[in-house]
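Have a look at the picture, then read on.

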Amino acid sequence: MPLQNRVTPFGEIVSVDARGMFIGNRGIIHDPATRTLTARRWTSKAWITCTCDYRGIRRVVMAQRSWTELFFLDEATALAAGHRPCFLCRRVAADAFRGAWSIGNRVAPPPAIKMDATLHAERLDHGRKRLHALAVPLEELPDGAFVASGASAYLLVNGLPYLWAPSGYRRVAAAGPIDGVLTPPSTLATLVAGYRPVLHPSVDG
């Protein structure tokens, strides 16, 4: 039985067999004795996205009383859920993200704690994932943005929709009726300013 540690673009944490390209965390939200999640879905506003391979460190997932290992299909999925690049293990990506955030949001380059506070306000609505209004035509959204249609999430690349699934994407002719944008507005502005998240190889398939 797979552990409940895979994050969807809606920010939900589910149990699936498929593996992800990135790992990350939201603090300690599991019981190491049972390797199951507690009732909480975050204990920190610093929702980060990390590399799965850092200095050869190997961890037994959800077995320690330390941060809870969460996994993402790709970086675009993590961004949609409200995470950002880690400044420790993904310094180059994190600096690029902060630089594009500064340009896109028209602010001075912010410290991580300020980005975390902004993202926390944008990603949640009474404890649930916040949907944001679609302010431009779908085809004008930047590469890496996500929109929601019912229970489905669609990645936009070159103005084209890709239906998200735990194992990868599938190109579709059109997305369903759009309920809103999953990617937080400040992150969306960061994508518009040129930040390019790592996408799962199935986007090219």
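## The largest pocket

The largest pocket holds about 820 Å³ of space. Of the 29 residues lining this pocket, Ile23, Cys52, Val61, Glu69 and Phe71 are the closest to its centre. A pocket here is an open set of points on a 1 Å grid over the protein atoms alone, where a 1.4 Å probe fits, with protein on both sides within 12 Å along at least five of seven lines; lining residues have an atom within 4 Å of a point. Grid points are joined across faces, edges and corners, and the volume is the space filled by probe spheres set on them.

This is a predicted model, so to speak of local features we need pLDDT of at least 70, and side-chain atom pairs count only at pLDDT 80 or more, while totals for chains, interfaces and linings use all residues. Residues are numbered from 1 along each chain as its sequence is written, and side-chain values use heavy atoms, with hydrogens and water left out.

What is the lining made of? It divides into 16 nonpolar, five polar and eight charged residues. Ala, Val, Leu, Ile, Met, Phe, Trp, Tyr, Cys and Pro count as nonpolar, Asp, Glu, Lys and Arg as charged, and the others, Gly among them, as polar. Strand 6 (48-51) supplies at least two lining residues, and so do strand 1 (4-7) and strand 3 (22-25); strand 6 gives the most, with three. Strands (E, at least two residues) and helices (H or I, at least four) are DSSP runs, numbered from the N terminus.

## The second largest pocket

The second largest pocket has about 380 Å³ of space. Its lining has 21 residues, and Phe10, Gly11, Glu12, Arg128 and Lys129 lie nearest its centre. Strand 10 (128-129) and strand 12 each give two or more residues to that lining.

Strands count as paired if DSSP finds at least two bridges between them; strand 11 (residues 145-149) and strand 12 (residues 152-157) have five.

## Helix 4

Six of the eight residues of helix 4 (residues 185-192) are buried, meaning under 20% relative accessible area with a 1.4 Å probe, protein chains only. Just after helix 4, glycine 194 has a positive phi of about 120°.

Key. Buried means under 20% relative accessible area, exposed over 50%, partly exposed in between (1.4 Å probe, protein chains only).
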